Amino acid sequence: MTNFFLETSWFIPVYGLIGAVLTLPWSMGVIRQTGPRPAAYFNLLMSFAAFLHGSIAFQSIWGNPPQQLILNWLQVADLNLTLAVEISPVSLGALEVVTVISLLTQIYALGYMEKDWSLARFYGLMGFFEAALGGITISDSLLLSYGLLEGLTLSTYLLVGFWYAQPLVVTAARDAFLTKRVGDIMLLMGVVALSSYGEGLDFSDLESWAETAPVAPLTATLLGLALIAGPTGKCAQFPLNLWLDEAMEGPNPAGIMRNSIVVSAGAYVLVKLQPVFTLSPIASDVLILIGTVTAIGASWMAIAQIDIKRTLSHSTSVYLGLVFIAVGLGQVDIAFILLCTHAIAKALLFMSIGSIILNTSNQNITEMGGLWAKMPATTSAFVVGSAGLIGLLPLGMFWTLQRWLNGSLHIPLWLMLILLFVNLLSAINLTRVFRLVFLGSTQPKTRRAPEAPWAMAFPMVTLTILTLLVPIVPIRWPFWLSLTAPLSEPDSPWLPFALPLLMASGVLGCVIGFTLPLNRSWARSSRVYIRFFQDLFAYDFYIAKIYDLTVVWAVATLSQLTDWVDRYIVDGAVNLVGFATFFSGNTLKYNISGQSQFYVLTILLGVAVLLWLTFSGQWSFILNYWSSILSQLY
């Protein structure tokens, strides 16, 4: 029986698609008498079935070699396009993370969106969301993964713009969609280029292909950069990082998925593409550069925000930046563990802040306070989720970073400094938010803030337990066995002090966060030099303004130029022909006498003019020729 579930594990993402289809009668308004909740129940049932199916398949594949299912999609001449699915402990483990978080998020949405009459449409989009994410986790085909990423982009656009009656929501959905399209176009170029160099487009074949790939250095660099562009947009990395911040205008349950596993899907594809990046040192260096700039810059951006959702969205970019660095260094195991640890802890954090937003109708942390006694489950969820992101013993991120720094991998000093910096600022930021939201005196908007309803409390408690159990993943990671041997000649004498320094940075960040003076009466400092840096970080280093002055200006100018050419040159030429036709027709109508000889004369004159225009150049040539001959004779 277990073999049947394992052999049909490719069907698990289809459960979400079935749930989305079942919601159509309610989302399209065909059924109105029952309200939209039955649609949510159908989708929940399908997500629960996917979770059970995935759990049985995961237990069956544990400790066994990977299996591959191949569907021949198109074969024409030498072109052979296949859609491959990989069934392995890694792929099914990632699928389990997707189904668990999706199921808990949908239960959470029952309480968060209880009074929303578009609930059926939301659950339909969530089912499509889950199907695309689940398909990406088990896909072994780059072509299939690209199509699923496009579906993910579409569902992100629809979920961000869910409340489309608000102009700011429409703008955020448009910006998120267009920003991702920039990376997707370049990713498509890389997919097409890669297909022309390899026999297939399967991730499992990339490593062997990269060892004997007949690719020139320049081509390998361009190919690597094109394949990097897509995940850069999906993972909200610099310079395509602003969309995740704006996407916070959508419903918070969708934000839970987006900040935990949607951004991880792009990084998951990036990890599978890692063998291609080994062909070009420049591509690997670009990955490291993008991850470093994003991790450092987004840490400063997060610490300057006063919107509780935006400060956590920038934190998402920070940890995905660390994943980019790990992939650039070729340490894919670390990248996988980072994705898993971050996804669960960040989902828990967004559930806790969703409970706060629902009960206070507010997102400004300077207007909150004193919630720890009113909302104990929410407070516990926020504390555990925050601790799960900081390198504090004994939670998951500590063990993940411990695996990174245990001496089995080459760790340069600059990476150690980045990890210390990110851990320090993350601790300061999360402690700052905790103080402003949960501690202190009760504020006017938090005086009546009851605990979240059971539909929201149950997923929070469940994810709290899962976050406490996450350390099992890096401790018992089966694919780490090949990397546990220490370096024969360690070239980092500071490495034994790395882990104590990392723990010290987390503790120091919490201490600074608790002792940092926070004044609720103002959001901006009255000191000029402090306000300068505060605005610089709060407005994302003015990246949006730079885009307006460069990219947006260039596109707008080119559009105006194209419009002018179309209006005055293309349309002008067409209008000139029309005017000439109209004028000649009106002129000829006054010369109509009804006599046939006049018509014949008019035709002959027209033909004569045409012949003269046609042969005038030749007659002038003949006359010049005979004139030269006569001049020579006389």
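This is a predicted model: local features need pLDDT of at least 70, side-chain atom pairs count only at pLDDT 80 or more; totals for chains, interfaces and linings use all residues.
Residues are numbered from 1 along each chain as its sequence is written, and side-chain values use heavy atoms, with hydrogens and water left out.

**Overall picture**

- The protein chain has 25 helices and two strands; helices (H or I, at least four residues) and strands (E, at least two) are DSSP runs, numbered from the N terminus.
- Of its 634 residues, 51% count as buried. Buried means under 20% relative accessible area, exposed means over 50%, and partly exposed is in between (1.4 Å probe, protein chains only).
- Take the contacts between residues at least 6 apart in sequence: 81% of them join residues at least 24 apart. Contact here means heavy atoms within 4.5 Å.

**α16 against α18**

- Two packed helices are described by the angle between their axes and the distance between the axes.
- Helix α16 (residues 332-360) and helix α18 (residues 396-404) have axes that come within 10 Å and cross at roughly 170°. The axes are lines fitted to C-alpha atoms, for helices over the stretch in contact, and angles run from 0 to 180 degrees between N-to-C directions.
- That crossing makes α16 and α18 roughly antiparallel to each other. On this scale, angles under 35 degrees count as roughly parallel, over 145 as roughly antiparallel, 65 to 115 as roughly perpendicular and the rest as oblique.
- On the α16 side, I334, I337, L338, T341 and H342 meet G396, M397, T400, R403 and W404 of α18.
- Sorted by type, the residues of this contact are five nonpolar, four polar and one charged. The classes are Ala, Val, Leu, Ile, Met, Phe, Trp, Tyr, Cys and Pro as nonpolar, Asp, Glu, Lys and Arg as charged, and the others, Gly among them, as polar.
- Eight of the nine residues of α18 are buried, so α18 is largely enclosed by the rest of the structure. The buried ones are G396, M397, F398, T400, L401, Q402, R403 and W404.

**The buried face of α2**

- Helix α2 (residues 12-22) has I12, P13, Y15, G16, G19 and A20 as its buried residues.
- Looking down the axis of α2, these buried residues fall within an arc of 150°, so they line one face of the helix. The arc is that of the directions from the helix axis to the C-beta atoms.
- The cover over the buried residues of α2 includes α3 (24-27), α4 (37-61), α5 (89-112) and α6 (119-138).

**Buried polar and charged spots**

- T156 sits in helix α7 (residues 142-160) and is buried, with a relative accessible area of 2%.
- A polar atom of the T156 side chain lies 2.8 Å from the backbone oxygen of L152.
- Not counting residues up to four places away in sequence, T156 touches F129, K180, W243, R258 and V262.
- N429, in helix α19 (residues 413-438), counts as buried at 3% relative accessibility.
- Leaving aside neighbours within four places in sequence, N429 is in contact with A302, I303 and T311.
- D535 lies in helix α23 and counts as buried at 12% relative accessibility.

- Most residues other than glycine have a negative phi, and most peptide bonds are trans.
- The peptide bond from F238 to P239 is cis, with omega near 5°, and P239 lies in the loop between α10 and α11 (242-246).
- S361 isn't glycine, yet its phi is positive, near 50°. S361 is in the loop between α16 and α17 (376-389) and counts as exposed at 67% relative accessibility.
- Y542 also has a positive phi, near 60°. Y542 lies in the loop between α23 (528-538) and α24 (543-589) and is partly exposed, with a relative accessible area of 35%.
- P214, in the loop between α9 (206-211) and α10 (217-234), counts as exposed at 64% relative accessibility.
- P214 and Y197 are 17 residues apart along the chain, and their C-alpha atoms are separated by 7.8 Å.

Methods. A polar contact is a pair of N or O atoms within 3.5 Å; within protein, one must be able to donate a hydrogen and the other to accept it, and residues adjacent in sequence count only if both atoms are side-chain atoms.
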